[in-house]
Amino acid sequence: MRTVSPEVARRTALAAQGFADPRPSGPPTRRHLKRVLSRVKLIQLDSVNVAVRAHYAPLFSRLGAYDPALIDEAAWSHSARRPRLLLEYWAHEASLVPVEDWPLLQSGAKRPGWWRGYGRLAEASPSLVDDVLAVVKELGPVGAGTIEKELAGGSRRTPGAWWERSEVKKICEWLFGMGQLTTGTRRGFERLYDLTERVVPPDVLARRVDAAEGARELVARSSEALGIATEADLRDYYRLGPAENRRAVEELVEAGTLEPVRVRGWRQQAYRHTSATAPRAVACRALLCPFDPLIWERARTERLFGFRYRIEIYVPEPQRVHGYYVFPFLLDGDLVARVDLKADRAAGVLRVPGAFAEPGADHGRVAAELAAELAEMAAWLGLDGVAVGERGDLAEALRRAVSPAAGVTCAVSRPPG
């Protein structure tokens, strides 16, 4: 078993996630979107919209400013000329996944999620399940609120019906988790349910995969996305069960897809995907949202970069260390700083309440590179400039770097929806 250095492991992970790929010289296209998806495999969804919704951010980190319609059209609309590329399901968390991966996620390799508790409600009220499916079949894509109104005021409701409004949403989420409903489209960020058979192509829907094959294919995808990873890292990417994941790892090692390696300083055994590469250097600059797949597993982030990262949304404000919604800053293969970000659309600025450098970072260079990336993000979000606050040891240098005298400007572009 060969041993690799932490630096090689870091470069391998960055290349696997697409950070060694050059950004497009012109406006990113559907081809560039597909390239990113081939790297990251899935994009996490999250409702927080302090700076930008989570599913838009990973593409910006890898491609620079792009038209968010690339994601919207790939996930929530389709035509004969431009078929749907992505659909929603529980993967890492709520995620956008390639359409062709649907059978793997339905194979039984993944354990039922939090929604499984609603199964008791479904068993107790099968007529409500039938009624919800009937409304979606008739009206879909349709939101849970509209379904509730239809059932409450329509002919489907029998005298004395006992269900509560919240129970309709629970049934919708249970049917979503069971794969009978999916997201037909979204209105704002509201999920509009539709029958899965009307969203997933018939050939994909017809493919049957058993749990063992599903686990192997999902772990192979995790390994491609991570490059080099522990068994726990591989398991976390799609949130597989421990026994299923360990068995799949063993089988993939035997098949020659994974290579066991040691990483100096790592306590756990690591596995390298045999197609993974470790470039001599990774020249990149990127702001990473808290739900970027490079950093969403916090123990792995600390192991790879020596960067301790926690999201502080649920921490009371006086107890926050770095801020409410903090983006780590990646520069040339290392995490060198972090910034608390907020898109203040009323004022037309991207606010940076706090900016913090990592120990040993060159404040002048980091501030200059970070200022340029913040300006690009502000323009992408349709904001006029960047406003840096007082908090953090990098704040003063960053304020100087974003001043007009520094030549950092924002050219307004189309904001994400």
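Contact, as used in these legends, means heavy atoms within 4.5 Å. The structure shown is a predicted model.

Figure 1. Helix α14 spans residues 298-305, and six of its eight residues are buried, so the helix is largely enclosed by the rest of the structure. The buried positions are Arg298, Arg300, Thr301, Arg303, Leu304 and Phe305. Among the elements that cover these buried residues are the helices α1 (6-16), α11 (211-226) and α12 (231-238). The cover also includes the strands β7 (228-230), β11 (326-331) and β12 (334-344). Gly306 follows α14 and has a positive phi, near 65°.

**Figure 2. The five-stranded open sheet.** The strand order is β10-β11-β12-β13-β14, with mixed pairing. At the edges lie β10 (285-287) and β14 (385-391), each of which pairs on one side only. From one strand to the next, the twist averages 30°. Strand β12, a member of this sheet, is also among the elements covering the buried residues of α14, as is β11.

Figure 3. Strand β13 comprises residues 349-357 and pairs with β14 in the parallel sense, over five bridges. Within this pairing, Arg351 stands opposite Ala387 of β14. Strand β14 pairs on one side only.

**Figure 4. Helix α15 across the sheet.** Helix α15, formed by residues 363-380, lies across β10, β11, β12, β13 and β14. The helix runs at about 60° to β10, which is one of the two edge strands.

Figure 5. Asp101 belongs to the loop between β4 (94-98) and α5 (102-105). Its relative accessibility is 5%, and Asp101 therefore counts as buried, the cut-off being under 20%. The side chains of Asp101 and Arg221 are joined by a polar contact of 3.1 Å. When neighbours within four places in sequence are left aside, Asp101 is in contact with Arg221 and Tyr238.

**Figure 6. Confidence of the prediction and the segment 158-163.** The protein has an average pLDDT of 92, and 94% of the residues score at least 70. Over residues 158-163, however, the pLDDT is below 50. Beyond near neighbours in sequence, this stretch has nine contacts in the model. Where pLDDT is low, the predicted coordinates should not be read in detail.

Methods: Residues are numbered from 1 along each chain as its sequence is written. This is a predicted model: local features need pLDDT of at least 70, side-chain atom pairs count only at pLDDT 80 or more; totals for chains, interfaces and linings use all residues. Side-chain values use heavy atoms; hydrogens and water are left out. pLDDT is the predictor's confidence in each residue, from 0 to 100. Buried means under 20% relative accessible area, exposed over 50%, partly exposed in between (1.4 Å probe, protein chains only). Helices (H or I, at least four residues) and strands (E, at least two) are DSSP runs, numbered from the N terminus. Two strands pair if DSSP finds at least two bridges between them. Axes are lines fitted to C-alpha atoms, for helices over the stretch in contact, and angles run from 0 to 180 degrees between N-to-C directions. A polar contact is a pair of N or O atoms within 3.5 Å; within protein, one must be able to donate a hydrogen and the other to accept it, and residues adjacent in sequence count only if both atoms are side-chain atoms.
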